[in-house]
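Hi,

Here is the structure I promised to pass on.

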Amino acid sequence: MAKITASVYTSHVPAIGAALDLGKTQEPYWQPVFKGYEYSKQWLKGNKPDVIFLVFNDHATAFSLEMIPTFAIGTAAQYQPADEGWGPRPVPVVQGHPDLAGHIAQSVIQQDFDLTIVNKMDVDHGLTVPLSLMCGEQDPLQGAWPCPVIPFAVNVVQYPVPSGQRCFNLGQAIRKAVESYDEDLNVQIWGTGGMSHQLQGPRAGLINKEFDKMFLDKLIADPLAAAAIPHIDYVREAGSEGIELVMWLIARGAMSDIQDGKVTGPAPKLKHRFYHVPASNTAVGHAILENQ
Ligand code: DHB
Ligand code: FE
């Protein structure tokens, strides 16, 4: 059967993609950000998954205000990097895994979570920046990402957004779905976005290090408490875009210590934790957890 072996959590700041694509990674401003991912790139090389289930949010790129799915699973064979205003990022096309994605859709919908099935979708920085950070730079034509990716888009852009608790519960359903797939596949689940940031209005530029640290602590060691944080607390404490953090709870809920909403097994092993301010308008947060 397929198995979730590890989860990865990371911010997806679009300016990180621009810094990579424009060769600025060694500039003093960016150097400390990329340093935080050196270990991660090595770790991924030594722990290469067969499939990455990548939880991210679309930023009005694939979905406009005409259509706003709360949870959308990508079932396509390929996903093109999106044009976000500066042109598409020069990165490889993302290969999908239609068979596993279709199986997860079937199982998760039967577990009473409403998913939108997406057979065609361009992917923006929410998905490509985490891939670049973890996999390193790839030639757009000759290169390739290390494995197929199932994009899972969560609406955290247009209110109402799903609660952290619902995301955590959904993660548990996703794990059950993966574990009922016949083929022996090593699957990683990545939760992306965050940490504290607000991009507009009088509080634009808000960063809350205390909240970010508390969230990372709880995410790692007290996930039930992290899941119970009400959505208004993210907005109040971590800024309007800090709500992106609920996507990390989908990945955390899919780890093997969680069963039926309770902690029933040994805590996952913390392989790496990183936090840095600033990167563009956000705090960059990152962690890697391995199932025991
Ligand atoms: C920034 C961060 C985001 O998560 C995003 O989607 C867009 C911009 C920023 O920090 O500038
Ligand atoms: Fe974002």
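To start with the cysteines: is C135 buried or exposed? C135 is buried, at a relative accessible area of 15%. Please keep in mind that this is a predicted model, so every value here is computed from it. C167 is buried too, with its relative accessible area coming to 0%.

Now to the ligand. Ligand 1 takes up the space of the largest pocket. The residues around ligand 1 are H12, V13, P14, H59, H125, H197, L199, E244, S280, N281 and T282. By class, that shell holds seven polar residues, three nonpolar ones and one charged one.

Some of these residues also make polar contacts with ligand 1 through their side chains:

- H125 places a polar side-chain atom 2.8 Å from an oxygen atom of ligand 1.
- N281 has a side-chain N or O atom 2.8 Å from an oxygen atom of ligand 1.
- E244 has a side-chain N or O atom 3.4 Å from an oxygen atom of ligand 1.

As for how much of the ligand is covered, ligand 1 on its own exposes 290 Å², and the protein buries 90% of that area.

Best wishes

Terms used
Residues numbered from 1 in each chain as written. Chains lettered and ligands numbered in written order. Predicted model: local features only at pLDDT ≥ 70, side-chain atom pairs only at ≥ 80, totals over all residues. Heavy atoms only, no water. Near = heavy atom within 4 Å. Polar contact = N/O pair within 3.5 Å; in protein donor to acceptor, adjacent residues only side chain to side chain. Areas by Shrake-Rupley, 256 points an atom, 1.4 Å probe, with all protein chains shown as cover. 1 Å grid on protein atoms, 1.4 Å probe; cavity = no way out; pocket = protein on both sides within 12 Å on 5 of 7 lines; lining within 4 Å. Sits in = over half its atoms within 2 Å of the grid points. Nonpolar A, V, L, I, M, F, W, Y, C, P; charged D, E, K, R; others polar. Buried < 20%, exposed > 50% of the residue type's maximum accessible area, 1.4 Å probe, protein only.
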